[in-house]
Amino acid sequence: VITVHEFMVTCLTVLPDGRIASGSADGSIHLTDLQTKSTESIIDRLGWVECLAAFSDGRIVLGCDDGIVRIRDPKTQTTETMSVHESLVASLAVLFDGSVVSGSEDKTMRLWNPQTGKSETLIEHECGVRSLATLSDGRVVTGNDHGTVLLWNPQKQERAAEMGIKHESKVNCLAAFPDGRVVSCSEDKTVRLWDWDPQTQTLDHETIEYDGDGSVNCLAVFRD
């Protein structure tokens with residue numbers, strides 16, 4: 001066990017060099033090397049850090065409860081600030097072209113150009129965007145506060161598909177498999193596996209057995 005934060009850890013991401021970046025309710029972000037068990041603080045006192053994602057060059061993009069999307073470079077210890085959501089940033093991901101997609105409680109998903117710091121695409125939702133995941137073809141899957149999982153083409157600013165059966169509560173986390181399937185977990189105590197069917201233009205799903213009796217808050221998939 002490695003203790004680095006004063007309060008609960010809210011998010012994690014893995015850097016290309018294998019180190020773990022952790023964000024916390026204490027407003028800090030730490031980098032931890034699991035081999036040496038060494039840690040370093042790269043940012044402090046931001047407010048509640050809600051979500052993290054890593055660029056291929058080792059920079060970290062983070063979202064906080066102040067609605068700001070920031071990029072932190074651990075090497076230079078510099079921080080860039082991008083445009084602001086109107087409410088907390090609940091989810092983030094880096095697309096394969098290097099752009100950043102964010103979901104917020106302000107009911108929007110935004111696509112950002114990290115070079116300019118500007119939001120180039122705005123897609124409105126019916127409620128807060130709680131979670132998101134990216135597919136290898138550039139499409140984005142979102143999960144919202146109403147339990148709905150949606151498939152989007154952000155470049156075209158259009159919805160590609162909506163699942164037929166919703167979760168009964170918030171979709172807390174999403175993750176994508178290498179084969180394009182998506183797994184979701186929810187406060188309704190279920191984990192579901194989704195598969196996009198190009199023939200029917202729908203998302204088919206199956207419920208994965210879960211033995212716990214509480215909300216499922218986070219998940220991740222192995223590359224194998």
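**Entry 1: strand S7.** I began with side-chain directions: Ile68, Arg70 and Arg72 point one way from S7, Val69, Ile71 and Asp73 point the other way, and all are buried (under 20% relative accessible area with a 1.4 Å probe, protein chains only; exposed is over 50%, partly exposed in between). Strands here are DSSP runs of E with at least two residues, numbered from the N terminus. In a regular strand, side chains alternate between the two sheet faces. Since 6 of the 6 residues of S7 (residues 68–73) are buried, the strand is largely enclosed by the rest of the structure.

**A note on the model.** I am reading a predicted model, where local features need pLDDT of at least 70, side-chain atom pairs count only at pLDDT 80 or more, and totals for chains, interfaces and linings use all residues. Numbering runs from 1 along each chain as its sequence is written, and side-chain values use heavy atoms, leaving out hydrogens and water.

**Entry 2: partners of S7.** I looked up S6 (residues 60–64), which pairs with S7 in the antiparallel sense over 4 bridges; pairing takes at least two DSSP bridges. Glycine 63 has valine 69 as its bridge partner in S7. The S6 and S7 hairpin has 3 residues between the strands, and glycine 67 in the turn has a positive phi of about 85°. On to S8 (residues 78–84): 5 bridges join this strand to S7, again antiparallel. Here arginine 72 has threonine 79 as its bridge partner.

**Entry 3: isoleucine 29.** Which residues does isoleucine 29 contact, leaving aside neighbours within four places in sequence? I found His5, Ser22, Gly23, Glu40, Ser41, Ile42, Ile43, Val49, Leu52 and Leu62, where contact means heavy atoms within 4.5 Å.
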